[in-house]
Each structure stands twice: as structure tokens, then as C-alpha cells.
Amino acid sequence: MAVGTSSGQHVHLSAREVEPVPADATALRHVDQLDDEAFDQFRRLVDGDTVNVQPAEEVPFEHGEIIVHTAYFRVTVR
């Protein structure tokens with residue numbers, strides 16, 4: 001899943017725990033559905049890091065997407 005942004009730009013990812021799943025969630029995936037790179041990025045996000053992805057076309061998450069892990073986490077793409 002990629003975010004529609006201009007070629008060559010980078011984006012910043014972050015995640016925060018939410019409960020319950022917000023009604024405006026755009027997508028929901030279980031952590032087991034992530035490929036290895038997305039899982040690594042997600043683990044860093046859960047640890048409180050902000051992840052930068054360049055180019056923007058390679059972002060493995062949608063803005064507002066909910067990832068189900070030990071809790072529900074909303075991913076922000078900016």
C-alpha cells in the first residue's frame with residue numbers, strides 16, 4: 001500500500017496506540033500480514049521512533065491505517 005505523493009519525496013511515519021478502533025479508520029491489518037520490511041518499520045514505530053521512507057512511493061502503510069498487534073495502533077503518514 002503506497003501513499004500518493006510526489007516522486008522523490010520522503011514521508012514520515014509514526015504510530016500511536018488507539019482503543020477502540022476509530023470509526024474513521026481507513027484500513028485494518030494484522031501484524032502477521034506485513035512483509036518483513038513493513039514489520040521492521042512497524043516495530044520501530046511502536047518503540048516510539050519516527051520512520052522516514054524515501055521515496056514516498058515505497059510507504060507500506062496507508063495514512064490512518066490500523067495495525068493490530070498487542071493493541072491497535074494507528075499509523076500516521078506525513
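Reply: Glu65 is buried in this predicted model, because its relative accessible area is 0% and the cut-off for buried is under 20%. Glu65 sits in the loop between strand S3 (51-53) and strand S4 (66-68). Its side chain makes a polar contact with the side chain of Arg29, at 2.5 Å.

Leaving aside residues up to four places away in sequence, Ile67 touches Arg29, Val31, Leu34, Phe42, Phe61, Tyr72, Phe73 and Val75. Ile67 is also one of the residues that touch the most other members of the largest nonpolar core, together with Leu13, Leu34, Phe42 and Phe61. That core has 17 residues. Strand S1 (11-18), helix H1 (36-46), S3 and strand S5 (72-77) each supply at least two of its residues. In soluble globular proteins, nonpolar side chains tend to be buried together.

Now the strands. S4 and S5 form a hairpin, with 3 residues between them. The two run antiparallel and are joined by 3 bridges. Within this pair, Val68 stands opposite Tyr72 in S5. S5 also pairs with S1: 6 bridges join them, and they too run antiparallel. Here Ala15 stands opposite Val75 in S5, and the bridge partner of Glu17 in S5 is Phe73. Tyr72, Phe73 and Val75 are all on the list of residues that Ile67 touches.

These pairs belong to an open sheet of 5 strands, in the order S2-S4-S5-S1-S3, with mixed pairing. Strand S2 (28-30) and S3 stand at the edges; each has a single partner strand, so one side of each is left without a neighbour in the sheet. On average, neighbouring strands of the sheet are turned by 30° against each other, direction ignored. In a regular strand the side chains alternate between the two faces of the sheet.

The helix comes next. In H1, the buried residues are Ala38, Gln41, Phe42 and Leu45. They lie on the same side of H1, because they cover an arc of only 100° around the axis. Among the elements that cover these buried residues are S1, S3, S4 and S5. Phe42 in particular is touched by Ile67.

Each end of H1 has a detail to note. At its start, a side-chain oxygen of Asp35 comes to within 3.2 Å of the backbone nitrogen of Glu37. Just after H1, Gly48 has a positive phi of about 100°. The peptide bond joining Glu19 and Pro20 is cis, with omega of about -10°.

Finally, the chain as a whole. It has 1 helix and 5 strands, and from the N terminus on the elements run β-β-α-β-β-β. Of the 78 residues in the chain, 37% are buried, and Glu65 is buried too. Among contacts between residues at least 6 apart in sequence, 75% join residues at least 24 apart.

Conventions
Residues are numbered from 1 along each chain as its sequence is written. This is a predicted model: local features need pLDDT of at least 70, side-chain atom pairs count only at pLDDT 80 or more; totals for chains, interfaces and linings use all residues. Side-chain values use heavy atoms; hydrogens and water are left out. Helices (H or I, at least four residues) and strands (E, at least two) are DSSP runs, numbered from the N terminus. Buried means under 20% relative accessible area, exposed over 50%, partly exposed in between (1.4 Å probe, protein chains only). A polar contact is a pair of N or O atoms within 3.5 Å; within protein, one must be able to donate a hydrogen and the other to accept it, and residues adjacent in sequence count only if both atoms are side-chain atoms. A nonpolar core is a set of buried Ala, Val, Leu, Ile, Met, Phe, Trp, Tyr and Cys residues joined through side-chain atoms within 4.5 Å. Contact means heavy atoms within 4.5 Å. Two strands pair if DSSP finds at least two bridges between them. The arc is that of the directions from the helix axis to the C-beta atoms. Axes are lines fitted to C-alpha atoms, for helices over the stretch in contact, and angles run from 0 to 180 degrees between N-to-C directions.
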